[in-house]
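Morning, everyone. I will show the structure first and then go through it chain by chain.

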Amino acid sequence: MMVVNENNVAVVCRGVRKSYGTGGAQVIALRGIELEVRRGELMMLVGPSGCGKTTLISVIAGILDHDAGECAVFGRDFKSMGTRERTIYRGRTIGFVFQSFNLLPTLTAAENVAIPLLINGAERRVALGKAKELLAQVGLGDRCAALPGQLSGGQQQRVAIARALVHDPRLIVCDEPTSALDHETGQRVMELLKDVALKQERALVIVTHDARIFGFADRIAKMDDGRIVKMIESEDELGDLRSAAVMDTAAVLNTLETTGSLT
Amino acid sequence: MNLVALKMLVGDKLKYIALVAGVAFAALLITQQASIFNGFSLQIGAWIRDTAVADLWVMDDQVMFDNDFKPMSDTALQKVRGVDGVKWAVPMYKNYLRVRLPGGSMVLSRVIGLDDATLTGGPPEITSGKLADLRADRAVFISEDQAKDMLRLKRGEDRPLRVGDRISINDNDAVVAGTFKASREFFWDPVMYTTYSRALAWAPRERRVLMYVLVKVAQGADVRAVQETIREKTGMQALTNAEFDRRSTRELLTRTGILVNFGITIVLGFVIGLLVAGQTFYTFVLDNLKLFGTLKAMGTTNGTVLRMMCLQVILVGSIGYGLGLGAATLAGMTLQSAGLAFKMSWQIPVIGGVGVMCCCLVAGLLGMARVVRLEPGIVFKS
């Protein structure tokens, strides 16, 4: 049984392994991940396609079972829970922001935001009321009745962020939150995430390819071939990244290469 | 989450309409065909029910339905009257006779001859004249409805046959003395009533002419016992009104293939509903798989997802069934006004509704199974 200091740590992974398929077709997605995500921090998982980022956040979010090792979210190991218990715990503890927003197209912005509360059994009137408050916080108070198709990409992502926060989760998991957005909109979304999502000591885990937003991270875990090969956490390294991000992506990648963070 | 379920369903308007239309068509097919079948079934025994003044029908044991003319020997009447428990027994003639109308057109009619003394077994509703008028010379009663079509004069004048008209029955003069209304029958030949002796006088000369003996069971006597005794003493079958009705219905439904044909159509209705609803609903699920995955990732349990999908299926089933039933009712009203067989008894919409709803739930099963098996990890695939 895994024992962690829950006071400061949101997510702990020790020796997490995960593979798909068997025999000759087996693909090893995670090869012994060692990771801690602290409360109140923004952790980014970066790396090339196929390095295991999505598998790792799926394991952290309790969506996938890992094959070996231990992974606990606020002291609870998903693998020790039954399916129903796991689903309910995930619904109460974790908020999600997806790459393609995943808003229900036939529901209004307020109704979309209210979904996590409805899932957790809130009354419809109460859920919609709180949803409208969240939309106001993300600057969409006047678009509560709009359908997703009537919103821009940036507005849709802000609705998704509001949805991820409405039920006061302690962990937010974001999968490529800015890849479908232009640079300026992506920057605004990240500012919003960092501003709103990290309140109340929430932890934020972001999977991203987008080097333009590396500068927002408190720590960056560089992954490659199912392992975390580098943890960027010193202020100097992060400062370099933030400066480079102001310029362009190429500069960021160059900075990462220079610091030995990219092999 | 009911709100989410309903909005997911109706938001995709084309699929929603296709779903509802598929169920509505199946419901229309099922209830309309069942009602037409029910109408036919009721028409088969209509004359028996209209004539149900006695307790028993005595007839040759080879008779299978009410238009199956196999006459008995005249002595059967006396034998039946001699059975313990029989209060009274009267003869009835029924057979096809050739009728020539004014103007010369000919029609084959079923002529029913009632007991001269009592006129037992007459039509249920006399609309012109009195039943006793049948005792007048050469008198016949005709159906008011049939007078307007099957007995309509076509040569010379174009009008319904009416009281006072002279007709010829097997080359014997007859006069229309009255009219009646009766339930619509399965067989469409015209029906005429006269007295038993007159019918025998008009009928072709045969040794056996007695078609039925109508029997009233004495008060306190056991009907079953009287039936058995009649069977033993006469060799004839003695059926209650209900038994005769059921036998006729069963015989005609199976002999004509009506049962099989309508059964096939009704089953086809279910199959069509199942296929259309199932295919459309499954497509709806596939199109929304990522959204279902999103809901599961956000904490929606399989139980809740299944309840949502059941709600969607029930909504589609209810609306579709309502529309189909409404259309069947309108179609039925049109059929009835044209005098065609259609009878929607209360069992049809109830059983049809249960059947259609089960059909929809089965149709939704594939989609539900797909969503239950769905890995929430799908949400991370772009």
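This is a predicted model: local features need pLDDT of at least 70, side-chain atom pairs count only at pLDDT 80 or more; totals for chains, interfaces and linings use all residues.

Residues are numbered from 1 along each chain as its sequence is written, and chains are lettered from A and ligands numbered from 1 in the order in which they are written.

On confidence, the model has an ipTM of 0.84 and a pTM of 0.75. For chain B the average pLDDT is 90, and 99% of the residues reach at least 70; pLDDT is the predictor's confidence in each residue, from 0 to 100.

Back to chain A. It contains 8 helices and 10 strands. Helices (H or I, at least four residues) and strands (E, at least two) are DSSP runs, numbered from the N terminus. Among contacts in chain A with a separation of 6 or more, 70% are between residues 24 or more positions apart. Two residues are in contact if their C-beta atoms, placed from the backbone, lie within 7 Å.

Now the sheets. Chain A has an open sheet of 4 strands in the order 2-1-4-5, with antiparallel pairing. Strand 2 (27–38) and strand 5 (76–77) of chain A are at the edges with a single partner strand each, so one side of each has no neighbour in the sheet. Two strands pair if DSSP finds at least two bridges between them. Strand 1 (residues 9–20) of chain A pairs with strand 2 of chain A in the antiparallel sense, over 9 bridges.

Elsewhere in chain A, strand 3 (residues 42–46) and strand 9 (residues 219–224) pair in the parallel sense over 4 bridges. There, Met43(A) has Arg219(A) in strand 9 as its bridge partner. Strand 9 of chain A also pairs with strand 10 (residues 227–232) of chain A, in the antiparallel sense and over 5 bridges. Met223(A) is bridged to Ile228(A) in strand 10 of chain A. The hairpin of strands 9 and 10 of chain A has 2 residues between the strands, and Asp225(A) takes a positive phi near 50° there.

Next, helix 3 (residues 109–119) of chain A. How many of its residues are buried? The count is 11 of 11, so to speak a helix that is mostly covered. Glu111(A) and Asn112(A) are among the buried residues. The buried residues of helix 3 of chain A pack against helix 2 (83–93), helix 4 (124–137) and helix 5 (153–165) of chain A, together with helix 1 of chain B. Following helix 3 of chain A is Gly121(A), with a positive phi near 95°.

One loop residue before I leave chain A. Ser179(A) sits in the loop between strand 7 (171–175) and helix 6 (183–197) of chain A. Ser179(A) counts as partly exposed because it has 15 C-beta neighbours inside 10 Å. Beyond its neighbours within four places in sequence, Ser179(A) is in contact with Gln99(A), His209(A) and Asp210(A). From Ser179(A) to Phe98(A) is 81 residues in sequence and 10.0 Å in space, C-alpha to C-alpha.

Chain B next. It has 11 helices and 10 strands. Its radius of gyration is 30 Å, well over the 21 Å from the globule rule for 382 residues, so chain B is more spread out than a compact globule. That radius is taken over C-alpha atoms, and the rule is 2.2 Å times the number of residues to the power 0.38. Along the principal axes, the C-alpha atoms of chain B fill a box of roughly 95 × 55 × 30 Å. Buried residues are 43% of the 382 in chain B.

Helix 2 (residues 13–44) of chain B is largely enclosed by the rest of the structure, because 23 of its 32 residues are buried.

Last, the contact between the chains. 19 residues of chain B are in contact with 27 residues of chain A. Helix 1 (2–11) of chain B gives the most to chain B's side, with 5 residues.

Key. A residue is buried if 20 or more other C-beta atoms lie within 10 Å of its own, exposed if 12 or fewer, and partly exposed in between; C-beta atoms are placed from the backbone.
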